[in-house]
Amino acid sequence: MNTSLTLTPSSSTSQVLGACPHDCPDTCSMLTTVTNGIAIKVQGNPAHPHTDGALCTKVSRYTERTYHPERILHPLKRVGPKGAGQFERVSWDTALADIATRLQAIASRGPHAAQAILPYSYAGTMGLVQSESIAARFFHRLGASLLDRTICASAGAEGLTQTLGGKVGMRVEFFAESKLILIWGSNSIASNLHFWRYANQAKRDGAKLICIDPRKSETADKCHEHIALLPGTDSALALALMHELITHDWLDHDYLAQYTLGWPQMRERALQWSPERAAAVCGIAPEHIRSLARDYGACAASREPAAIRMNYGLQRVHGGGNAVRLIASLPALIGAWRHRAGGMLLSSSGQFPVDRAALQRPDLLGERTPRTINMSTIGDDLLRPSSPAFGPAIEALIVYNSNPVAVAPDSGKVVQGFAREDLFTVVLEHFQTDTADYADYILPATTQLEHWDVHSSYGHTDALLNRPAIEPVGEAKPNTQIFRELAARVGFTDACFADSDQDLCRAAYGDAVSFDALMDQGFASLAVPEAPFDQGNFPTVSGKCEFFSARLAAQGMDGLPDHVPNHEPFNSSALYPLAMISPPARNFLNSSFVNVKSLRDIEGEPLLEMHASDAAQRGLRGGEVVRVFNDRGVYRCKVKVSARARPGVVNGLGIWWRKLGLDGTNVNQVTSQKLTDLGRAPTFYDCLVQVETDKASGAGPDQQFVPEINAS
Ligand SMILES: Nc1nc2c(c(=O)[nH]1)N[C@H]1C(S)=C(S)[C@@H](COP(=O)(O)OP(=O)(O)OC[C@H]3O[C@@H](n4cnc5c(=O)[nH]c(N)nc54)[C@H](O)[C@@H]3O)O[C@H]1N2
Ligand SMILES: Nc1nc2c(c(=O)[nH]1)N[C@H]1C(S)=C(S)[C@@H](COP(=O)(O)OP(=O)(O)OC[C@H]3O[C@@H](n4cnc5c(=O)[nH]c(N)nc54)[C@H](O)[C@@H]3O)O[C@H]1N2
Ligand SMILES: [Mo]
């Protein structure tokens with residue numbers, strides 16, 4: 001491809017190679033067209049096979065984000081009460097000097113005093129440089145509390161690691177050749193579009209696609225079958241599948257004998273899970289399980305490749321880690337790993353040789369071992385006083401690449417914490433998010449079009465480079481630069497704070513990935529075998545697929561995976577008789593893009609999908625405002641009577657900005673801070689609620705509202 005690369009604005013038009021920064025498995029290669037220093041268009045790079053020249057709707061609107069009229073263009077200092085969102089413009093000098101003074105005042109109280117300072121960040125950008133490089137060095141050098149970054153994937157990651165040895169799996173492109181694809185806990189069309197392209201290719205070539213998801217998603221519409229189980233019951237389904245494979249002898253005995261660990265015990269446990277027993281737990285018919293087992297087992301008999309595309313949707317419940325262990329075990333039963341188009345994929349990120357120590361420099365901690373705060377319990381932790389068990393109360397919070405007031409569970413508590421008058425909060429952002437409203441200082445950060453970065457992916461195995469296409473907008477600075485300047489202000493003179501962003505891009509992979517290839521074509525493919533586990537070789541201690549985990553057993557836990565019921569199990573006669581899940585909205589990326597009007601217009605407004613029978617029981621009509629509530633709080637939104645919801649389960653789509661909702665709340669007002677079985681992760685989809693007419697709203701049903709017609 002004839003692409004001219006320029007780093008500085010020129011009077012001509014040029015195309016700059018970059019990478020989509022968002023938290024999505026696809027990690028697309030992007031081409032930005034720049035005319036006279038202005039980015040006029042972003043598009044998918046046709047030379048990158050996975051991107052195939054196409055971006056999703058939201059990222060193709062990336063210039064609307066970059067040049068958004070509400071973009072924060074200079075540092076802001078709070079002038080009103082906490083949370084009121086009133087700020088005045090200040091200079092970088094004023095802001096950085098004051099922030100440095102405040103942080104030093106805390107850190108200088110004693111050897112461990114800096115632990116009262118907490119960084120809070122997640123995946124606003126997935127870039128290895130603009131996420132945890134200079135920022136991590138700064139907080140390590142300071143001795144701040146460490147953050148356990150659990151909010152998305154750590155239950156699944158732990159489940160995978162216990163079973164397969166790491167975040168590894170099939171190469172995504174080979175799904176195109178599979179004969180059976182189970183799309184499990186994933187709305188691929190909404191959140192993994194470039195995988196869907198491969199699945200669709202397989203479908204055209206005669207593969208059968210089965211979707212396992214409580215919601216009849218856009219992806220379920222396009223699959224041959226849909227199994228709408230209750231949230232948090234996937235482990236029961238997987239155990240019964242094993243039961244059927246065993247009782248019909250649809251097994252690859254040779255693969256089990258050579259390449260797995262703990263099969264006799266696993267077999268015994270699975271035999272306790274008849275389809276009838278599991279079906280009662282899952283809220284589905286036993287025949288669904290038998291039919292699924294027949295399809296999966298048929299691939300064992302015919303030696304045709306069966307593949308599972310799991311996504312993180314199914315691990316946001318109490319038993320999320322065990323569910324992932326069980327599902328990741330399935331391919332070994334039928335020897336699916338023998339084929340390059342068989343096996344499973346949840347995340348490929350473990351395949352990337354990222355040198356995190358070089359980027360983050362944990363050695364800067366020296367002898368200090370600060371405490372770790374779990375980001376998923378920030379609601380409780382901000383409200384905790386100093387104590388011997390907890391350590392010092394959190395006094396200062398530096399937020400970057402995240403919007404916790406909108407995305408963290410149990411947001412009533414989160415808001416209470418952020419509203420503390422004695423908490424000093426700094427937020428690095430593009431926009432005045434719900435979190436930024438509570439800041440003492442908002443610092444303007446650059447977007448992906450304005451900075452360097454280097455990326456890994458959790459949905460394919462290509463590393464990507466992002467070059468800046470334009471100069472920073474307004475007074476925005478890259479996160480790295482903000483932390484470099486803050487380091488200088490607090491007097492850190494270590495040489496590592498002088499590393500440039502380009503140095504950091506090189507350091508991320510060292511010699512393990514060709515930097516020349518990244519510079520030339522924007523991506524570099526890792527050398528990953530086509531069928532990595534056809535002869536075992538799992539990155540576990542035993543080198544085998546471990547049904548039984550000696551490490552978990554040594555921690556006093558069950559060495560074998562099992563069904564772990566939800567913290568809040570569904571029960572139609574309970575006080576809160578509906579299970580609420582809150583999966584991603586197609587046109588938002590978590591809470592990002594909610595403020596881009598063209599995308600918000602497509603999503604419309606915050607909605608709760610409900611099955612007609614549940615609506616009828618409550619006398620609810622489509623379009624009316626309802627109260628969604630439990631002991632944690634009340635969330636008001638409109639109800640949509642929809643065949644996408646199964647009886648007993650309501651779907652609150654997307655993480656809306658609270659301030660764009662009906663009364664300044666979103667779905668997380670009712671989610672809980674309880675954690676998963678493995679990985680200390682949140683349980684967003686393990687949440688019981690009741691729903692009733694909102695008498696106070698006075699507004700009757702919206703007659704204009706057209707309930708959705710089921711597509712197939
Ligand atoms: N457009 C868009 N894309 C995104 C995101 C976004 O917000 N918008 N988010 C990104 C992020 S942060 C991530 S982590 C990734 C992956 O993010 P995921 O959250 O895994 O996203 P989905 O693939 O949409 O999968 C969620 C699916 O799981 C289903 N589900 C919920 N509970 C259960 C359950 O108990 N069992 C089963 N089997 N299914 C369940 C939901 O109904 C939904 O269809 O996607 C990324 N991609
Ligand atoms: N109810 C419910 N809650 C959920 C989920 C759910 O499914 N249901 N999903 C959970 C999951 S999977 C995840 S991953 C989390 C996501 O939680 P977050 O990682 O907090 O994701 P976002 O909401 O997208 O917020 C990212 C913020 O980073 C900012 N940002 C982007 N790039 C940069 C940059 O270069 N510099 C700086 N300083 N800022 C930047 C964006 O403007 C945005 O406001 O939410 C979780 N919360
Ligand atoms: Mo996520």
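Let's start with E475, which counts as partly exposed because its relative accessibility is 29%. Keep in mind as we go that this is a predicted model. E475 forms a salt bridge with R89, and the closest N and O atoms of the two are 2.7 Å apart. Where do E475 and R89 sit in the chain? E475 is in the loop between β19 (462-466) and α18 (479-489), while R89 belongs to strand β5, so the pair links distant parts of the chain, 386 residues apart. R89 itself is exposed, with a relative accessible area of 52%.

The next one joins the side chains of K82 and D440, at 3.1 Å from N to O. This pair also links distant parts of the chain: K82 is in the loop between β4 and β5 (87-89), D440 is in the loop between β16 (424-429) and β17 (441-444), and 358 residues separate them. Are these two residues buried or exposed? K82 is buried, with a relative accessible area of 10%, and D440 is buried with a relative accessible area of 10% too. K82 and D440 also belong to a network of salt bridges that includes R78 and E421.

R269 counts as buried, at 16% relative accessibility, whereas D562 is partly exposed, with a relative accessible area of 23%.

Now for the ligands. Which residues come nearest to ligand 1? Of the 34 residues around it, they are S191, D213, D234, R316 and F588. Let's look at some polar contacts here. A polar side-chain atom of S191 lies 2.6 Å from an oxygen atom of ligand 1. The side chain of D234 has an N or O atom 2.7 Å from a nitrogen atom of ligand 1. In the side chain of R316, an N or O atom is 2.5 Å from an oxygen atom of the ligand. Ligand 1 exposes 890 Å² when taken alone, and the protein buries 99% of that.

Ligand 2 is surrounded by 31 residues, the closest being S402, E429, S591, S592 and Y685. An N or O atom in the side chain of S402 is 2.8 Å from an oxygen atom of ligand 2. S582 places a polar side-chain atom 2.9 Å from a nitrogen atom of the ligand. With L589 the backbone takes part: one of its N or O atoms lies 3.3 Å from an oxygen atom of ligand 2. On its own, ligand 2 has 920 Å² of accessible area, and the protein covers 97% of it.

T219 is in helix α7 (residues 218-222) and counts as buried, because its relative accessibility is 0%. Leaving out residues up to four places away in sequence, T219 touches I183, S186, N187, S188, I189 and W196.

Then there is a nonpolar surface patch of about 270 Å², made by I38, I40 and Y67. Y67 is in the loop between α1 (62-66) and β4 (76-78), and is partly exposed, with a relative accessible area of 32%.

Key. Residues are numbered from 1 along each chain as its sequence is written. Chains are lettered from A and ligands numbered from 1 in the order in which they are written. This is a predicted model: local features need pLDDT of at least 70, side-chain atom pairs count only at pLDDT 80 or more; totals for chains, interfaces and linings use all residues. Side-chain values use heavy atoms; hydrogens and water are left out. Patches are made of residues with over 30% relative accessible area and no salt bridge: like charges are joined within 9 Å, nonpolar side chains (Val, Leu, Ile, Met, Phe, Trp, Tyr) within 5 Å. Accessible areas come from the Shrake-Rupley method with a 1.4 Å probe; for residues, only the protein chains shown count as cover. A salt bridge is a side-chain nitrogen of Lys or Arg within 4 Å of a carboxyl oxygen of Asp or Glu. Helices (H or I, at least four residues) and strands (E, at least two) are DSSP runs, numbered from the N terminus. Buried means under 20% relative accessible area, exposed over 50%, partly exposed in between (1.4 Å probe, protein chains only). Contact means heavy atoms within 4.5 Å. A residue is near a molecule or strand if one of its heavy atoms lies within 4 Å of it. A polar contact is a pair of N or O atoms within 3.5 Å; within protein, one must be able to donate a hydrogen and the other to accept it, and residues adjacent in sequence count only if both atoms are side-chain atoms.
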